[in-house]
Amino acid sequence: MPTELMNILGTDIISGLAQAAGAVALCLGVVALCRWFAVHVEREAVSSLARGLVQMAIVGTILALLLQGSLLIGALILLGMTFAAAVTAARRLPEIKGALLLSFYAIAAGAGVAIVEMLATGTLQVQIAMLVPVGSMIIANAMNASAQAAERFKAEVTAHVGQIEAGLALGADPVTTVAPYVQSAVYASLLPRLDMLKSLGLVWIPGVMAGMVLSGTSPLYAGIYQFIIVAMILAASGITGLVMTLLMRMQAFSPAAQLTMRPHGAGLAAPGGGNVRFH
């Protein structure tokens, strides 16, 4: 690598670290302010800031090395991101059996459909420099949609155990008894993305559009392209939320159509004695 390029990279890194230090200082100031009001997030904030910086530095290094990589390499990177997203979502669902696999299936379904559609229409190119950043945005939103749908469905079902069991006792099938809670969970996973789409351009100008404009792309095209990305985020979130909720619905009942999803600590008497818990 030429000496001039090395010098430029070194200057950019030093400048970036100095700017990152300023951002961290402000975040720590906010943490100190929160502590003043007895909101203790010190350990989590420091850990998150450190992890975020290290992770982004690693990602930047990997992208620099693989910038000319093939579609296969890009797909493997996105697959790794999907698994990492599933792990993160599953941590928010400690009481749900098989949460990791459920999250992975749901995120992969939602993000996969959106990314494949963008590749098929030419909206997204196979170059890693474009595929990975855009794909990661879709995966990240699918991750949030997965966790939001699962949390809402579990909360709704455990709050309405009596109504569900009354319906089962009257002969209703399990799908019918939880149908309103499926709808509520899927809507909860879509609502943040719907609000994002409504406020697009009015409340916030996303980074992709800003970057395209700064690089010389037509502002009109940049705006349309940003809309496409947010629309794909909405589609991926909808698929992810629906898949996650339906997978959880399958786990909410025993083969004998008994409700097994209950508030923490509550159990369902099993024919052989003991309790069945949803965890």
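Author: Let's start in helix 4, where Ala-99, Leu-102, Ser-103, Ala-106, Ile-107, Gly-110, Ala-111, Ala-114, Ile-115 and Met-118 are buried. Please keep in mind that this is a predicted model.

Reader: What do the buried residues of helix 4 pack against?
Author: They pack against helix 3, helix 5 and helix 10.

Reader: How do you know that the span of helix 4 agrees with what its residues should give?
Author: Helix 4 has 23 residues, which at 1.5 Å a residue should span 33 Å. The C-alpha atoms at its ends are 33 Å apart, so the two values agree.

Reader: What follows helix 4?
Author: Gly-122 does, and its phi is positive, near 80°.

Reader: How is the packing of helix 4 and helix 5 described?
Author: Two packed helices are described by the angle between their axes and the distance between the axes. For helix 4 and helix 5 the angle is about 145°, and the axes are 9 Å apart. Helix 4 passes helix 5 in a right-handed crossing. On the helix 4 side, the contact is made by Ser-103, Ala-106, Ile-107, Ala-111, Ala-114, Ile-115, Met-118 and Leu-119. Helix 5 contributes Leu-131, Val-134, Gly-135, Ile-138, Ile-139, Ala-142, Met-143 and Ser-146.

**Charged pairs**

Reader: How many salt bridges does the structure hold?
Author: There are 2 salt bridges. Side chains of opposite charge can pair when their charged atoms come close.

Reader: Why is the pair of Arg-35 and Glu-42 called a salt bridge?
Author: The closest N and O atoms of Arg-35 and Glu-42 are 2.7 Å apart. The cut-off is within 4 Å, so the label applies. Glu-42 has a relative accessible area of 23%; buried would need under 20% and exposed over 50%, so Glu-42 is partly exposed.

Reader: And what makes Arg-92 and Glu-151 a salt bridge?
Author: Here the closest N and O atoms are 3.2 Å apart, and that value also meets the within 4 Å cut-off. Arg-92 lies in the loop between helix 3 (71–91) and helix 4 (99–121), while Glu-151 is in helix 5 (residues 128–159), so the pair ties together parts that are 59 residues apart in sequence. Arg-92 is partly exposed at 38% relative accessible area, and Glu-151 is partly exposed at 33%.

**Aromatic pairs**

Reader: How many aromatic pairs are there?
Author: The structure holds 2 aromatic pairs.

Reader: Why is the pair of Phe-104 and Tyr-105 called edge-to-face?
Author: The ring centres of Phe-104 and Tyr-105 are 6.4 Å apart, which meets the limit of within 6.5 Å for a pair. Their planes stand at 65°, and over 60 degrees counts as edge-to-face, so that is the label. Tyr-105 itself is partly exposed, with a relative accessible area of 45%.

Reader: What makes the pair of Tyr-221 and Tyr-225 tilted?
Author: The centres of Tyr-221 and Tyr-225 are 6.1 Å apart, with 35° between the planes. Stacked needs under 30 degrees and edge-to-face over 60, so this pair counts as tilted. Both residues lie in helix 10 (residues 219–251), 4 residues apart, about one turn of the helix. An α-helix has 3.6 residues a turn, so residues three or four places apart point the same way.

Reader: Are Tyr-221 and Tyr-225 buried or partly exposed?
Author: Tyr-221 has 45% relative accessibility and counts as partly exposed. Tyr-225 has a relative accessible area of 5%; that is under 20%, so Tyr-225 is buried.

**Positive phi in two loops**

Reader: Where does Ala-38 lie, and what is its phi?
Author: Ala-38 is in the loop between helix 1 (3–36) and helix 2 (42–66). Its phi is positive, about 65°, although Ala-38 is not a glycine.

Reader: What about Ala-257?
Author: Ala-257, also not a glycine, has a positive phi of about 65°. Ala-257 lies in the loop between helix 10 and strand 1 (268–269). At 32% relative accessible area, Ala-257 is partly exposed.

**The whole chain**

Reader: What does the secondary structure come to?
Author: The protein has 10 helices and 2 strands. Of its 279 residues, 33% count as buried.

Terms used:
Residues numbered from 1 in each chain as written. Predicted model: local features only at pLDDT ≥ 70, side-chain atom pairs only at ≥ 80, totals over all residues. Heavy atoms only, no water. Salt bridge = Lys/Arg side-chain N within 4 Å of Asp/Glu carboxyl O. Buried < 20%, exposed > 50% of the residue type's maximum accessible area, 1.4 Å probe, protein only. Phe/Tyr/Trp six-rings, centres within 6.5 Å; stacked < 30°, edge-to-face > 60°. Expected span 1.5 Å × (residues − 1). Contact = heavy atoms within 4.5 Å. Axes fitted to C-alpha atoms, helices over the stretch in contact; angles between N-to-C directions. Left-handed = near helix turned anticlockwise from the far one by under 90°.
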